[in-house]
Amino acid sequence: MAQLSVDIGGSPGVNCRGFCEYCYFKKVKGLQPLGCRYCLPFKKGCDYCSRGIREEYAGFKDLKTIADETLANLQRKDGEIERITISGGGDPSCYPQFTDLIELLGSMEAPLHIGYTSGKGWDDPNVGDLLIDNGLSEISFTVFASDPGLRKRYMHDPSPEVSLQILESLCEEVDIYAAAVVLPGVNDGDILEETCEWLEERGAKGIILMRFANATGQGLILGNGPIIETQDVQSVESFRDTITELSRRFRIKISGTPLWDPEIGSPFAILTEPHLLKKLPPIQQRASIISGSVAAPFIERVLAERGFKSPVVAVEKEIACLITAEDLKKVPLTSLEPVVILPGRAFVHESEAYDILTSDGIERLIVRGPEMLTADAETSMGMTHNQVLRIEMEGFAQLIQTINRYGQR
Ligand code: SF4
């Protein structure tokens, strides 16, 4: 069984009928690459960290290009196609030949999955039937709020009633994972409860709530903050409490990012599984581990169970995968061991990290750690508890191997 990914191209905001008020791509600045895990050792900057993370593509691909690429990909796959996923920088609902695209992919008779859409490109209620008739099985749909006025005001959806009508019709037949960036004072509180109730009554599988970030420390990169001047931001702890409270009140799955998935207990669900913690290899060496401020205390607790004695150093940035060279510049170097392990996905070129983390004249070895230690809510939404635990076991086993291989006594 094989999966097929269909990239339709496009850029956020540009191919989305304009930017949503809260879109993180709205104010992306700077042409300098950040550096990342894919860069060559001698060159900071590659296609991914220069262009890919900005999701800058030259508009949507035309239908013929998509068809040719899909056919070429198909020829490289063995066996039956178990799923076709539509992705891209632009919003699929805004693809100009959307009907032709869906009919083309539907003719392959495999379940269709739309990785992300805001639905604001759909003005015709018949789109729901088109999708169902062509085998849509799963969709992640940004609802923002079940109040059409708020969709119009904050997402600039020209036909919010139609988008919600389509969402409603899909709920009956398809696995719907709704999503909403939560703006305090706008779509939180009673509005959020109404949205959860609306989705639950219509049969959605769940809703992923995303805490809005408006400053660099909260996870913004590429100089793109503040996204909305004067917009309040909820603390991570208060956001986690909101998720806990909502999931007590509703039957649909409610999870949040950066914290948390109450049904699974993630991120770092492994902390409540002592028998699994014992299966991780013992730690024999010392090394400094750098992480984001949200994950660091969790990582420290997991590693302490296997005998880790060094501190896990939390940078100011809350999200480890969004750490940049600027965050490393604020790390107190006196606290570092001779070996430093960076988050696998951090947007830092290793030679630049070396220059920053040895700028006190003390030699240190800089190593990149595993890409994933846990699953955030976007990853865990369609997963089981055991699938998340497997990710965590693999991630921590790899991290411990890195500590034992490169660390010092
Ligand atoms: S639909 Fe998504 S990518 Fe497009 S502008 Fe809105 S938030 Fe940004």
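1. The C-alpha centres of domain 1 and domain 2 lie 28 Å apart. The chain is assigned domain 1 at residues 2–257 and domain 2 at residues 269–406, bounds that come from an automatic or database domain assignment. The contact between them, meaning heavy atoms within 4.5 Å, takes 31 residues from domain 1 and 24 residues from domain 2.

2. The model is predicted: local features need pLDDT of at least 70 and side-chain atom pairs count only at pLDDT 80 or more, whereas totals for chains, interfaces and linings use all residues. Residues are numbered from 1 along each chain as its sequence is written, and side-chain values use heavy atoms, with hydrogens and water left out.

3. About 2000 Å² is buried between domain 1 and domain 2, and carbon and sulfur atoms give 63% of this area. Buried area is the accessible area (1.4 Å probe) that two parts lose on being put together, summed over both. On the side of domain 1, Arg37, Gly217 and Ile221 supply 26% of the area buried against domain 2, more than any other three residues.

4. Three salt bridges are counted between domain 1 and domain 2; the term denotes a side-chain nitrogen of Lys or Arg within 4 Å of a carboxyl oxygen of Asp or Glu. Elsewhere in this note's list of pairs, lysine 44 forms a salt bridge with glutamate 352, with the closest N and O atoms 2.9 Å apart.

5. The side of domain 1 that touches domain 2 draws at least two residues from each of α1 (47–52), β6 (206–211), α8 (236–249) and β7 (253–257). Helices (H or I, at least four residues) and strands (E, at least two) are DSSP runs, numbered from the N terminus. The largest share of that side, five residues, comes from β6. By class, the residues of this side divide into 16 nonpolar, nine polar and six charged. Here Ala, Val, Leu, Ile, Met, Phe, Trp, Tyr, Cys and Pro count as nonpolar, Asp, Glu, Lys and Arg as charged, and the others, Gly among them, as polar.

6. The structure as a whole holds 23 salt bridges. One of them joins arginine 83 and glutamate 138, whose closest N and O atoms are 3.4 Å apart. This pair links distant parts of the chain, 55 residues apart: arginine 83 lies in strand β2 (residues 81–87) and glutamate 138 in strand β4 (residues 136–142).

7. The shell around the ligand comprises seven nonpolar, three polar and two charged residues.
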